[in-house]
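The stops below go one by one.

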Number of protein chains: 2
Amino acid sequence: MEKEVVLGIDIGGSYTKVGLVTQKGDIIDKTAFKTDAQKPFSDFIKRLKAEVDTLVTALEPGVSILFIGVGAPNANPYTGEIENPPNLNWGAATPLAKTINQSFKLPVTIANDANAAALGEMFFGAGKGMKNFVALTLGTGLGSGIIVDGKLLIGAHGAAGELGHVNVDPHGRSCNCGLRGCLETYASVTGIKRTVFELMADMTEPSPLRNYSFETMTGTAISEAALNGDPIALAAFDKTGEILGSKMADTAAHLDPEAFILSGGLSKAGDILLNPIKTRMEHHLFGAYKGKVKVLLSTATGDNAVLGPAALAWTELENTRVA
Amino acid sequence: MEKEVVLGIDIGGSYTKVGLVTQKGDIIDKTAFKTDAQKPFSDFIKRLKAEVDTLVTALEPGVSILFIGVGAPNANPYTGEIENPPNLNWGAATPLAKTINQSFKLPVTIANDANAAALGEMFFGAGKGMKNFVALTLGTGLGSGIIVDGKLLIGAHGAAGELGHVNVDPHGRSCNCGLRGCLETYASVTGIKRTVFELMADMTEPSPLRNYSFETMTGTAISEAALNGDPIALAAFDKTGEILGSKMADTAAHLDPEAFILSGGLSKAGDILLNPIKTRMEHHLFGAYKGKVKVLLSTATGDNAVLGPAALAWTELENTRVA
């Protein structure tokens, strides 16, 4: 019997992940390559085409690809374009959906990467069985995808769920977006790095982190230091978790979610991050939500990042079939 | 020909409004009475029954009431109960839907008052034709109702849209809910009153507001003083608008709404409140939303407050007819 799959493409600032995914969420093959986003978009498409061709050539007979789902930073489902992405040097409005459609001769649906990730959690990951939750991707920035009543929250202009730009402090840190004090300047890999540098200035304790330059320091280095009991790293996770937890309480006051699902480099620290988040969120939660909002780790991102775009493709495909 | 109407009931901390409303939003008759929420719930139901009976008796022949919609503080659509309302002395869990159903022998649907108000705006008011907006009621507290993709956002536990308890300042003003720095302690009639008292302590300018005690001061007095150029009142509206505007930008980062629709005592000040809100919201908006989010005044609350509960009833009735 014919096996039906969709092609999931997750375009990140550093890596692009590609995979063929069944409706049950089985990844039958996948690959990843450097996005090289400083080069032109046409170079990226050539490389993408080559990578997908390799996957397709290796397929067993009888597998048919029905649809393509793409998650990318600042991708707008209404326009089909990537709009002003801060980490991709492809110009102000990259015609993503159109170009991929023309290259692969298959129907394409696109979404903001974090929105696709939220769908991935709902269909195949930690959000299975939930109809109201928020997925937070704590990577270079803070991405978010909101599921309301079993559907992705899109918004009036296709740009809902930019929780990275909720305000923590109007006089706070400069953000790439031009504002000050955005949540992602604190609660992301870049954010905790900034916090570590602030704490190294403030505290006197010795720390292995004092051997890194701002350019060389990584989220992994901070996590490892924290796991080894380094007081600066631990304080940085505490501060990050406290800020994120308090803002998650505000998000709960909007959406009354069942859970937050965390992914991205920062979330790999596990309880060192989750504990202060949970404590501070619970403290700030309005009575109606206290004790009711879970904080979970993602199971449909990272190495499985193609599940989000695949979920997006399957959703769109089902809509097309019904219509 | 038979004329079909629903009975809309808006239960407020001070007044309860009752009206008979057609599917087009024509209020064919209405009345209002003091809620007297310090007396038992059974007294309220007796009074409500009497008021509705009077309306029904006065009806022209051929009008049939099909459904009842009720908006009330802390009303939970999942349980049918009013849960721990701060301004109604009816106990922890008042069986609102059940009691009204038994009293009137008609199907009943209930919602949080601000949620019902948001539906009222969408069907009959300033939100007509919009599918994504946020209704904010700036009264004794700050209530909110969120419309996403043409539907009321309910949330996982029936308690979405508690924007009055978004945090402005973790060390800020005490809130009735037990937290500190909640938005409604600043952006509501009570909130601006607190701001006026803070400013009277801080500033030296003479002001008619200095003749009021905290108990006797009203939102109307503050609005009138502002319209007459009183510097303390104007500063209070500026501060209120700035705080609310900055938090509305955060709400936009969640929901990407087309508009905010403002109602309640505080909104009667018009541009004196709207101007600082718009300026500050625009300043804090993430790039994707700048210039795209309207701030409007309600047309389906106040004297027309029965439109919200009526919209709720008509929505539920349509769902019932389809199912």
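Select helix α6 of chain A, residues 231-255. At 1.5 Å a residue, its 25 residues should span 36 Å, and the end C-alpha atoms are 35 Å apart, so the two values agree. The expected span is 1.5 Å times one less than the number of residues. Helices here are DSSP runs of H or I with at least four residues, strands are runs of E with at least two, and both are numbered from the N terminus.

Before moving on, note the ground rules. This is a predicted model, where local features need pLDDT of at least 70 and side-chain atom pairs count only at pLDDT 80 or more, while totals for chains, interfaces and linings use all residues. Residues are numbered from 1 along each chain as its sequence is written, chains are lettered from A and ligands numbered from 1 in the order in which they are written, and side-chain values use heavy atoms, with hydrogens and water left out.

Now colour α6(A) by accessibility. The helix is mostly covered: 19 of its 25 residues are buried (under 20% relative accessible area; exposed is over 50%, partly exposed in between; 1.4 Å probe, protein chains only). Step just past α6(A) to Asp256(A), where phi is positive, about 50 degrees.

Next, the sheet. Select β5, β6 and β7 of chain A: these 3 strands form an open antiparallel sheet in the order β5-β6-β7. The edge strands are β5 (75-76) and β7 (93-94), each pairing on one side only. Two strands pair if DSSP finds at least two bridges between them. Strand β6(A), residues 81-83, is joined to β7(A) by 2 bridges. Pick Ile82(A); its bridge partner in β7(A) is Thr94(A).

Switch to chain B and select Gly191(B), in helix α4 (residues 189-202). Is Gly191(B) buried or exposed? Gly191(B) is buried, at 0% relative accessible area. Beyond neighbours within four places in sequence, Gly191(B) is in contact (heavy atoms within 4.5 Å) with Arg173(B), Glu184(B), Thr185(B) and Tyr186(B). Arg173(B) is 18 residues away along the chain, with 9.3 Å between the C-alpha atoms.

Last stop: the interface. Show the 39 residues of chain B in contact with 39 residues of chain A.
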